[in-house]
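Thanks for making time this morning. I would like to walk you through a few local features of one model, so please have the sequence and the structure open as I go.

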Amino acid sequence: MKFRINFQCILLLALGMTLTLIITAAMFFIELSTNADCFKSVIPEITVMVTALFLILAGTGLYFTDRIIRPVEKLSETIGKKDAEYDEIEVEYKELSALMDTIKRQQKGIVDNADMRQQFTANVTHELKTPLTAITGYSELIENGMASGDDVKRFAGEIRRNSLRLLTLINDTIRLSELDMVGEEEEKEYFDLYEVADTCLNMLQITAEANMIELSLEGSHGTLYANKAMIEEVVYNLCDNAIRYNVKGGEVTVSVKDDFRKVIMSVKDTGIGIPKEHQSRIFERFYRVDKSRSKEKGGTGLGLAIVKHILARYGAEIYIASEVGKGTEIIVIFNKY
């Protein structure tokens with residue numbers, strides 16, 4: 001185990017040495033002041049002693065200053081390097097460990113965020129390219145007269161479907177960018193989460209009926225103090241996903257429970273379920289468990305990422321329990337205030 005010198009001990013030792021030297025020198029000069037000739041004769045020795053003391057103190061100061069600055073310099077050399085090993089940077093004084101740990105975490109966060117933005121840009125580009133390519137292809141066929149009759153109607157339908165997908169993707173991307181921005185705190189108000197859930201289910205009733213999905217709401221009233229529009233967005237996205245990835249004749253059950261200082265909401269479906277290896281990643285941007293099914297259902301892969309961002313703003317907790325072929329339950333625990 002490497003021995004680490006305590007910075008406080010060094011300061012106390014240096015202070016003690018300095019006081020000892022001052023007291024010794026004072027006694028020495030008092031003694032010499034009684035004999036002027038003797039004082040003159042030892043001036044060279046005093047000069048050598050003072051010079052030696054200065055060199056010792058200067059050398060010691062430079063040595064320990066270097067020990068303090070060295071990890072900071074090493075950290076500055078690794079800044080911006082993706083493969084930088086921040087854990088290898090050692091700190092000689094435990095008093096500086098907290099500062100260095102904070103710097104390491106901040107730098108790692110900067111690099112990770114840069115990587116995430118780069119990946120996000122690549123994903124957005126890819127997702128935008130797919131519907132645009134389809135729109136261009138179908139429109140060219142119609143323009144060149146290569147489609148007629150029923151084909152024109154079918155191609156027009158595909159153009160409309162891809163246009164709507166493109167519009168949804170753009171809106172979701174803008175929404176995520178807005179949530180990423182750190183600005184003024186949004187307007188908050190008191191509202192009933194049970195009523196919000198009831199409104200969202202009513203909005204989705206037509207979609208559910210088209211997919212033969214039965215919707216139900218259970219529980220009790222629970223008051224939250226938050227931005228109502230944002231919480232409505234959370235509830236809507238979770239319920240929409242539960243319908244979108246359900247099976248014909250399936251069920252979606254939303255429950256709200258008031259639990260003293262918290263309000264608990266559950267969205268449970270009898271759908272296709274999520275494999276265990278994918279459950280920890282479903283809140284990532286553009287992550288899809290089944291890409292072909294997601295595109296077929298019109299999903300952008302951003303809905304749950306938006307949910308996660310909004311819940312993070314309010315310190316809410318989110319949990320998922322799912323089993324393939326049996327369904328999924330997502331539980332959100334809100335702080336009341």
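Before I point at anything, one cut-off is needed: a residue is called exposed when its relative accessible area is over 50%, and buried when that value is under 20%. Please also keep in mind that what you see is a predicted model.

With that in hand, look at phenylalanine 260, which sits in the loop between strand 4 (251-259) and strand 5 (262-269). Its relative accessible area is 66%, and because the cut-off is over 50%, phenylalanine 260 is classed as exposed.

Methionine 212 is exposed, with a relative accessible area of 55%.

Let me turn now to helix packing. Helix 8, residues 228-244, and helix 11, residues 303-313, have axes that come within 9 Å and cross at roughly 145 degrees, and the crossing of helix 8 past helix 11 is left-handed. Which residues make the contact? From helix 8 they are Met230, Glu233, Val234, Asn237, Leu238 and Asn241, and from helix 11 they are Gly303, Leu304, Ile306, Val307, Ile310, Leu311 and Arg313. Sorted by class, this contact of helix 8 with helix 11 has 8 nonpolar, 3 polar and 2 charged residues.

Technical notes:
Residues numbered from 1 in each chain as written. Predicted model: local features only at pLDDT ≥ 70, side-chain atom pairs only at ≥ 80, totals over all residues. Heavy atoms only, no water. Axes fitted to C-alpha atoms, helices over the stretch in contact; angles between N-to-C directions. Helix = DSSP H or I, 4+ residues; strand = E, 2+ residues; numbered from the N terminus. Left-handed = near helix turned anticlockwise from the far one by under 90°. Contact = heavy atoms within 4.5 Å. Nonpolar A, V, L, I, M, F, W, Y, C, P; charged D, E, K, R; others polar. Buried < 20%, exposed > 50% of the residue type's maximum accessible area, 1.4 Å probe, protein only.
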